[in-house]
Each structure stands twice: as structure tokens, then as C-alpha cells.
Amino acid sequence: MIGEVGHFALALAFAFSALLAVIPLIGVARGHGGQMAIARQLTYGMFIFTLISFIALVWGFLANDFSIAYVANNSNTALPAIYRFTAVWGSHEGSFLLWMLVQASWAAALAIFSKRLPLVFAARVLAVMGMIGVGFYLFMLITSNPFERTIPLIPVDGRDLNPLLQDPGMIIHPPLLYMGYVGMSVAFAFAIAALLGGRLDSAWARWSRPWTIAAWVFLTLGIMVGSWWAYYELGWGGWWFWDPVENASFLPWLAGTALMHSLAVTEKRGTFKSWTVLLAISAFSLSLLGTFLVRSGVLVSVHAFASDPTRGMFLLSFLGVVIAGSLLLYAIRAAKVKSHSRYDLFSREVLLLGNNLLLVTATMVVLVGTLLPLVHQQLGLGNISIGEPFFDEVFMWLTIPFAILLGFGPLTRWKRQKFAELRNSLLLAMALAIGIGFALPWIFADVVSGLAVLGLILALWIVFTTVAELRLRVASREHKWPALVKLGRSHWGMVLGHLGFAVMIIGIAVVQNYEIERTVRMGAGDTANVGGYEFHFRDMQERQGPNFISDSATFVISRENGNHVANVVAEKRFYTVTRQIQTQTALQVNPFRDLYIALGEELDDGSWAVRIHVKPFVRWIWAGAILMSIGGVFSLTDKRYRLRRREEKKARKQAAAEAL
Amino acid sequence: MNPRRKKRLIMTSSILVGAAFATGLVLYALSQNIDLFYTPTEIVQGKGSEAVKPEVGQRLRVGGLVVPGSVRREGSGLTVAFNLIDVGPAEITVEYEGILPDLFREGQGIVAQGILVAPNRLQASEVLARHDEEYMPPGLAEALKGIEHVPPSQQNYNQNYNNEEAAEKGSGGGYDR
């Protein structure tokens, strides 16, 4: 019964999205205020019914309603309650329902916070959100209904959730990632609404900017949590694999980062307008492309694609409509947009243009690397694979100019900058970066690795130019510290974002060049020495979990001088329902290094294959991503977005008082 | 030349140079890092209508089913060797030192990446198994077309077991190493 309620609510949400896609635009065409204003109510309706549908599925999982096929396939009575909840998005249908809930939430948030926008513009934006909704709801109803029944053959128990997903990281990863993915649709909706109205000005950029930053923050955190999850859950110690699914989330992130910077130029200087719109369209199209690649299974194997071609075909057509439609609109409208602002060769505009070109190049590289094997195969040229070495090499070369420009950018003035004014601070930053970049590995590491030095120099260059920039901003002030605080959150957001990037480069450069990995054969009582640590395999015990049996190995880690570091437990779990084996890694963490132990298989004589990693600075990669996100949050809460809202409230109160 | 045109010329040409550099870099990196995919039969008998056999020393990927009973550990180390087969009768031997993925099982489809050290012997640097029991490496599915393959999951259940999120986010494009 509840299942049918969920299905029905989903159909109603579709109906609301269809009305939302049409009525406000009719209202705009006729100049009918009521029809435009109803966009908000329609959006709320869409959100509420999607929420009901989602709750119905959650209820199905919590109540173990195995008459719902999706629940039966992804849950089990022995599964702990928290994972029964997260199993809602453990597989295709449910995760798409979560996707829709996120999409509807963004739309509802837009409806709530768009009250200060002109009614016509808000109506257009919400209508575009409705159009996107129509596509997705149709997709769900036609190809991926999560409420399908198993009647009359109701299974006694479910088939359990994939063990890999029974993990805290999976509780938050998909919702965060979807917030980011779908959030790009908001930036897209703003761009399309602006094109429809033919008004591309800095006001538009100002409205769209906080939404883009919010989506970007979610996307950053989502990718970061995914990387962290893969690191400890998959048991082979990597943090990024350049696999198609990761690339699918990285593509909109790259485009979104470019968009964020380009929007800044459009807001502050009124130029780059059509470029910004194009980036907004690209960011959302890349989100959709990612969805298509992942959902259709086309990337994983031809086999899977053939098993459900409708899903792939539907998404491909939707993608085609979105890209073709928005580019057509762009072609018609963007030609009229003219930028009048002038700027010199050495100016912040040009540096940001460089940033954008590099980010777009990076996007293209990822796109080529992801799609080329597919194209190659479709052309009948055989199967090829393009893996980590390709991406690693190209990204290393792209990071160098990117980081160098990043150091210049914030220091440089809009419009025109005399190089002589900056020469001293730049030279000082460069000297410090190169000096310390060489010194640190020379002092702390046994071998000086060229790539690590390069990474450190680039990161330190960013750090020192950022410091120089902050000094420059308060140079003329008498009281330096209060002036620093007063710089504004948006400014601090930029500073934190850039420092976050530097921290991430340090993490990547160090871990890639100084990581130690050893695979050893160990039995209880054996000791292995890796990277200055002793790993003593103390014992192996069998343990019974809620839905698994585990072989737990206890390791005693100590320094080579005998100081005890920690006792950790690495596990090999056997999940009884899915009959899958899963490795649970043992981690001992501090800010400067991770000790990582993964159990392999048991060998004939009772000893085990054990892989031990010592990974210096690996935490810095994720810390950098968190720092970037905090920067984004700072920018979001900037005074200029809050002030206006307060003024607005005051104005509304006044208007209400006058009306009385 | 007036300063505005000069500025434009500098910008356009630097973008062109940058683009040329980027393209060159991508093409170079691609030429170094593309690995061709073979099935065991293609390695032994050659690939395509011209029956092109891979050369010894070539880096490649091979996908096939692990021949039951062929997995053997050598000595006291961690070296393991097993045979791969597709439509048969050609088999190749894969040697690997290290930990096999959790989902590695006899009779299961896997992908190995490595260097061909003899006409039918691969020294693997990486062994991948799929997170989905029904999975077959791309290419192998085509080679095996028409041959009935009953995935282990379908021997117990009628319904298709399909845990897509794991297949998606799993690892290495849904592979397990």
C-alpha cells in the first residue's frame, strides 16, 4: 500500500514539474503576474510529493517490505538499521529517487530565496527547473520505478546490500555528490533564464554566483568523501583512480570551477558574459553526460548496455535535447551580447581568462580520456584502455601553468597592472618557494625527488603570493589586524580556496613520491619492517558480525626504536547473504602519515598475504578539499548577499506598514 | 599596428600556441599510454582479419575466465599463476605477484594488465575482478556470444541481482583490484 502511495506521489511530482515547465512561461509571455507567481507553489508541490515518495521508499526499507522488488534486492533483515536506511540509495532506482529529491530541494530553495529577484526572472528560472524535472521524472517513471512489486512471489528475506556500501562513507557520499551534480542545474537554469530574457548583465551574475558556489561546495565535498571512501574501503590504498565514474564527477567540477571564476569577472567587470553562459551550459551538460555514462552502463561494458538499452537511450536523448536546445538558444541570443570593458594584457581579467582556458583544457583532457575508449570501440577499432599514466602525465603539465597563474591572479588589479609594482613581492615569493621547496625534502626525506620538489615549489608559491596579497590589501592601513578581519568574507573565501588548493598539491606531491608499499607473507607472530615502522602480526581471531563472519588480524605497530604506536585490526569479512568477501583495512592516522594494512588471501600454510603502506601527507589531499569548501562557504555568507536580504526585509516591512 | 590590434594579436597567438602545446601533449601522452585489449584466443591466434599477434614485450590488457584448477602459488613467496581462457582451446598463463582482488575466483571473468613475456605468458602488474558476479570483461562478452554463461547469482535466484551503485563507484570502473 505504502509502495503505491510512493509511486503515485512520484507521478504527481511529475505532473507538478510539467505544469511548472509551462505555466510560468505562459505567464511571462502574457505578462500575467499570477501565472508567474504560481511557479513558487508548483515548485513546492513538486518538492512535497517527491519527499513523500522518498519517505515511502525509506519506510519500505525500514519495515523490511520485501514485496517491493528494490527493497528485496538491496536489503536484508540482518542488515543494521542505519544501513537499511542508506540502502535506499544503494542501487540505481533508489539513488535516482534521491537524485530527484535533491533536484526538487534545489528548486524549492530557489523558490524560497528568489523572492528578491524580479518576478519575471524568477518565473523563468523556476520554469527551467521544471523542464529539467520533466525529463528526470519521466526517466524514473518509464525506466526506473523503485516501487515495482515482487507480487505474487514475495521473497522471505532480502538479498542484502552490497558489502562495499555498508560503510559510513556511503551514508554521506551520494547525497553530497548529488547536491553538487544537481546544483549545477541551478546555474544552468539561471543562464537559460537570462538568455530567454535577453538580459545578460552583472546583476544576473550576482544572483547566480552564490548558487553556483553552493553547488560547487557540495560537489567538492562529495568527490572528497568518495575519494576517502575508496581509499579505506577498497583496500588498495589509492585515493584517485581516474576511473570513468570518478571522471564523471570530476568533469562538472572542473567546468564548475571555471564557471565560478568567470562569474566573478562578469559580476565585477561586466565582461566574459557569453563565455560565462557557455560555461554554465557546459557544467550542467557534463553533469548529465556523467549521469548517462554511469547510469547506462555503457562505459563498464557493452554487455550491461544491451541489458537495458532504454535507460541509456532515454538519457542520451535527454542529453541531446538539453545540449542542442540550450546551444541553439545561445546561438540566437548570445550574439547580441556585447562587452564594452577594456583591459590590458597584464590584468586580472587576462589572468582569469588563463585560469578558465586551463580548466577547460583539463575538462577536455578528462573527456577525451574517458570517451576515447568508447568511441574507439564503437568504430570497430577494438578495445583500448586509457588509464592513470595518461591522466597523471597530462595533469602534471597542466598544473604547472595553472599554479603559476594562480599566484599572480589575486595580486593583480582589474583592468591594468604595472608589473614593476609587484616585482619585489613576486620575486620574494618565488625565492622563498624555491628555497623552501628544495630545503624541506632535503632535510626531512632520504631522497630528494624532483617531482615532489616541483609540487612543493608550486604549492609554496601559491601560499607566499597569497600572503603577499593579504599584506598588499592592508598595506595602507594603520591597524593591520583589524583591517585583515574587515577584508570581507568573499575575499577570505578566495584566500582559503587557494590555500586549500596548495595544501592539496602538497599532499599529492608528497604521497605520490614518498609512499612506501610492501606486500609480504605473514603468519601470526611474524614482524615486518616498513618505512621505519615495525608491524607485528599478533593473532588472528574469528568474529561474528550482524550479517558477516570476519577473520580479524591484530597488528601491533611500533617504531623501529621500540616505541609502541598503536594496535590495529585488519579484517577479511565474508558476507553470508551476498556471499561476498570484503577487506576491511586497518588504519593508523596522524596529520603527517597514514599507516595502512590490508589483508590479502589466506595461503596454504595458514599465513596471510598482507599489504602494508606508509603514506605520508595523504590526509592533506582531503584537508585541501575541505579547506576549499570552507572557502566556498565563506564566499556564500558574504555581506553583500546578506545585506541585501536585510534591506529587502526592511523594505517589505515598510511597505506592509504603509499599506496598513 | 595600433595597440589594440597588437594586444589582440598577442592574445590570439598565445592562445593558439597554448592550444597547440596542449594538443601535442595529449597526443603524446595518449601514444604512450594506450593499452590494447586482447582475449586469450587473440593473443595466441592473432587479432582481427589479419590475425595480428601481439609482440613479446608489449604492454596490454587481457580479459578472460580463470580456468578452474589452474591457480597455483609458487614457492614461499606471493607469486601466483593461473590460466585464462575464453572460447578455447587457446589458453594463456598469467603470472602475478601480490594480492589478488577479493572477487577473484576460479571460473570468473577477470582482466589482467601487464607485459607479454612469452607468446602465451603475461607478467601482470594489475589484476582486476568485477564487483558484479554477472560481469564479463568487455570484448569477452562479444567473443563468447552464443555460448551460454550462467552467472553464479542466477543459479540461486530468479531475479537479476544488480547492485549498481557498487558497480558504479566500486573501483577501477567497477573493478576490484
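These notebook entries record what I looked up in a predicted model with chains A and B.

**Entry 1: conventions and confidence**

I noted that residues are numbered from 1 along each chain as its sequence is written, and that chains are lettered from A and ligands numbered from 1 in the order in which they are written. Since this is a predicted model, local features need pLDDT of at least 70 and side-chain atom pairs count only at pLDDT 80 or more, while totals for chains, interfaces and linings use all residues.

I looked up the overall scores and found ipTM 0.74 and pTM 0.89. I then turned to pLDDT, the predictor's confidence in each residue, from 0 to 100. Chain A has a mean pLDDT of 88, with 95% of its residues at 70 or more, and chain B has a mean of 74, with 72% of its residues at 70 or more.

I next went through the elements, where helices (H or I, at least four residues) and strands (E, at least two) are DSSP runs, numbered from the N terminus. In chain A the lowest mean pLDDT among the elements, 39, belongs to helix α11 (residues 302-307), and the highest, 96, to helix α19 (residues 618-636). Over residues 301-307 of chain A the pLDDT is below 50, and this stretch has 14 contacts in the model beyond near neighbours in sequence; two residues are in contact if their C-beta atoms, placed from the backbone, lie within 7 Å. In chain B the lowest mean among the elements, 38, is that of helix α5 (residues 164-169), and the highest, 91, that of strand β5 (residues 91-97). The pLDDT is also below 50 over residues 132-136 of chain B, a stretch with 14 contacts beyond near neighbours in sequence, and over residues 146-175 of chain B, where I noted 65 such contacts.

**Entry 2: domains of chain A**

Chain A is divided into domain 1 (1-161), domain 2 (171-369) and domain 3 (516-619), with bounds that come from an automatic or database domain assignment. I found 43 Å between the centres of domain 1 and domain 3 of chain A, taken over C-alpha atoms, and six residues of domain 1 of chain A in contact with five residues of domain 3 of chain A.

Another open antiparallel sheet of chain A has four strands in the order β2-β10-β9-β8. Its edges are β2 (516-522) and β8 (586-590) of chain A, each with a single partner strand, so one side of each lacks a neighbour in the sheet.

How many of the nine residues of strand β10 (residues 608-616) of chain A are buried? I found eight, so the strand is mostly covered, where a residue is buried if 20 or more other C-beta atoms lie within 10 Å of its own, exposed if 12 or fewer, and partly exposed in between, with C-beta atoms placed from the backbone. Arg518(A) has Ile612(A) as its bridge partner in β10(A), and Leu595(A) stands opposite Val614(A). In the hairpin of β9(A) and β10(A), with five residues between the strands, Gly606(A) takes a positive phi near 90 degrees.

**Entry 3: chain B**

Chain B holds five helices and eight strands, and 41% of its 177 residues count as buried. Residues 24 or more positions apart make up 59% of its contacts with a separation of 6 or more.

Strand β4 (residues 79-85) of chain B pairs with β5(B) in the antiparallel sense over seven bridges, and Phe82(B) stands opposite Val94(B) in β5(B). The two strands form a hairpin with five residues between them, and Gly88(B) in the turn has a positive phi of about 75 degrees.

Technical notes. Pairing = 2+ DSSP bridges.
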